[in-house]
Amino acid sequence: MKRAASIFRKRLVPGVSGYRLRPNSPLTYLLVVLVLAALGRPVLANSHLLDEDIPVRFSADEVRYDQEEEIVTARGNVEVTRAGRILKSDSITYNQRTNVLAANGNIVLLEPTGEVVFAELMELTGDLKNGIISDIRIILTDGARIAANGARLSNGNTTEMSKAVYSPCKSCREDPTRAPLWQLKAVKIVHDKKNQSIEYSDAWLEIAGIPVFYTPYFSHPDPTVKRRSGFLTPSIGNSSDLGVVMEAPYYYVLTPSSDVTLNPIITTNEGPVLAVDYREILGSGTINWNGSFTRDSLDDIRGHFIGKARFNIDDTWRWGLDAERASDDTYMRRYGFSSSNTLTSRAFAEGFRGRNYMSVDAYSFQALSGDDNTTPLILPALEFSHIGQPDRFGGR
């Protein structure tokens with residue numbers, strides 16, 4: 001390869017045939033490879049650009065080079081790989097003067113983040129990070145699909161699409177032209193990979209091809225996001241006791257290992273309710289609790305609390321705590337938090353070793369119905385289990 005590059009420098013030095021290389025061009029080395037192919041050298045290369053941090057791989061069935069126009073044309077199973085991006089096409093033309101790469105026919109662009117882009121026509125800069133795309137179709141990492149009449153790619157991070165549609169539903173195998181179960185259509189969709197978001201302008205929701213809801217703006221995280229703060233899906237319902245019930249939960253990420261969901265509940269017959277759900281993973285265990293409180297129409301403070309904690313002491317022992325309490329007998333049923341007749345609180349320690357098991361428990365119960373005769377307190381409850389080795393008769 002060093003010898004080939006030396007030949008290239010001798011033949012293409014400034015002043016020869018009136019054509020020179022720009023050292024800072026991202027596809028300079030790609031051009032080296034293409035010209036070497038035009039000179040009868042192998043059409044496959046795997047080396048580096050002048051910037052040693054940017055590897056390039058290129059292959060094609062046929063390559064032609066126009067020295068006067070400084071245009072390289074590759075046809076047949078063309079594939080260009082650079083900085084994690086893989087571009088495949090029936091034909092690719094690279095103009096060294098403008099640093100524009102044009103791909104045409106059966107285009108597939110595989111992004112480093114996992115998205116797959118399909119198109120019939122692309123015009124990109126040499127680094128494959130900026131350009132315009134016609135008739136674009138994208139498969140996201142979770143299998144969701146976006147299709148648009150056209151798109152603009154900026155800095156390799158932002159794809160702005162016009163007259164676009166998004167749907168997580170797969171096409172019907174029997175009739176691919178049939179509308180999916182639901183889809184979002186928008187005048188503009190912007191996929192921002194840096195901020196991991198998909199934004200919609202002038203969007204409407206279609207269910208089975210029928211528009212049912214319009215919004216001037218809407219956004220949601222892209223599939224690469226596992227956890228992000230934001231509003232969850234609101235809900236509305238009806239209760240004979242509470243009247244119309246509306247919920248608008250908000251999910252908030254506290255730390256990489258903890259989060260909380262705040263859920264304000266508005267009712268037409270009673271006062272507002274605030275429900276809270278907290279989760280945390282610690283080094284030796286987990287904590288999860290949820291609760292709620294409200295001031296009702298009689299000016300009484302009502303609420304409930306349900307918590308669970310599990311912690312490992314060592315490889316043999318662990319301890320835990322379950323806490324369940326309500327302000328009164330009917331609160332949880334009336335507000336839809338639980339239909340149980342008994343709340344059970346428990347503190348325990350338990351050990352596992354081989355086929356042996358031992359536990360120490362304490363229980364406290366709260367009856368939520370008048371005919372519940374449960375013993376309110378059990379302290380302590382001991383359990384030990386040992387299974388020995390079988391004797392010569394098979395007994396244990």
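**Side chains and their partners**

Reply: Trp319 counts as partly exposed, at 37% relative accessibility. Bear in mind that this is a predicted model.

Me: Which strand is Trp319 in?

Reply: Trp319 sits in strand β22.

Me: Which element gives the most to it?

Reply: That's β22, with three residues.

Me: Let's stay with β24 for a bit. Where is Asp361, and is it buried or exposed?

Reply: Asp361 is in strand β24, which covers residues 356-367. Asp361 is buried, because its relative accessibility is 6% and the cut-off for buried is under 20%.

Me: What does Asp361 touch, leaving aside neighbours within four places in sequence?

Reply: Asp361 is in contact with Arg346, Ala347, Phe348, Pro380 and Ala381. With Arg346 there is also a side-chain polar contact, at 2.6 Å.

Me: How far is Asp361 from Ile378, C-alpha to C-alpha?

Reply: Those C-alpha atoms are separated by 8.3 Å, and the two residues are 17 apart along the chain.

Me: OK, switching to rings. How many aromatic pairs are there in the whole structure?

Reply: A search of the whole structure turns up 11 aromatic pairs. Take Trp289 and Phe305: their ring centres are 5.7 Å apart and the planes are at 25°, so that pair is stacked.

Me: Where in the chain are Trp289 and Phe305?

Reply: They link distant parts of the chain, 16 residues apart. Trp289 belongs to strand β20 (residues 285-295), and Phe305 to strand β21 (residues 301-312).

Me: What about Tyr331 and Phe337, how do their rings sit?

Reply: Tyr331 and Phe337 form a stacked pair, with 5.9 Å centre to centre and 25° between the planes. Tyr331 counts as buried, at 0% relative accessibility, whereas Phe337 is partly exposed at 27%.

Me: Which residues do ring pairs link into a cluster?

Reply: Tyr166, Trp182, Tyr200 and Phe218 are linked that way.

Me: Now charges. How many salt bridges does the structure hold?

Reply: There are 16 salt bridges. One of them joins Arg64 and Glu62, with the closest N and O atoms 3.0 Å apart.

Me: What does Arg137 form a salt bridge with?

Reply: Arg137 forms a salt bridge with Asp135, the closest N and O atoms being 3.5 Å apart. Arg137 has a relative accessible area of 33%, so it is partly exposed, and Asp135 is partly exposed with 37%.

Me: Which parts of the chain do Arg227 and Asp259 link?

Reply: Their side chains meet in a salt bridge, at 3.3 Å from N to O. That pair links distant parts of the chain: Arg227 is in the loop between β13 (210-221) and β14 (230-231), while Asp259 is in strand β18 (residues 258-267), 32 residues apart.

Me: Buried or exposed, those two?

Reply: Arg227 counts as partly exposed at 33% relative accessibility. Asp259 is buried, with a relative accessible area of 4%.

Me: Which residues are linked in a network of salt bridges?

Reply: Glu69, Glu70 and Arg97 are linked in one.

Me: Last one. Where is Thr159, and is it buried or exposed?

Reply: Thr159 is found in strand β10, residues 158-167. Thr159 is at 7% relative accessibility, so it counts as buried.

Me: And what does Thr159 touch, not counting residues up to four places away in sequence?

Reply: Thr159 touches Ile136, Ile138, Ala151, Arg152, Leu153, Ile189, Val190 and His191.

Notes: Residues are numbered from 1 along each chain as its sequence is written. This is a predicted model: local features need pLDDT of at least 70, side-chain atom pairs count only at pLDDT 80 or more; totals for chains, interfaces and linings use all residues. Side-chain values use heavy atoms; hydrogens and water are left out. Helices (H or I, at least four residues) and strands (E, at least two) are DSSP runs, numbered from the N terminus. Buried means under 20% relative accessible area, exposed over 50%, partly exposed in between (1.4 Å probe, protein chains only). Contact means heavy atoms within 4.5 Å. A polar contact is a pair of N or O atoms within 3.5 Å; within protein, one must be able to donate a hydrogen and the other to accept it, and residues adjacent in sequence count only if both atoms are side-chain atoms. Rings of Phe, Tyr and Trp (its six-membered ring) pair if their centres lie within 6.5 Å; planes under 30 degrees apart count as stacked, over 60 as edge-to-face and the rest as tilted. A salt bridge is a side-chain nitrogen of Lys or Arg within 4 Å of a carboxyl oxygen of Asp or Glu.
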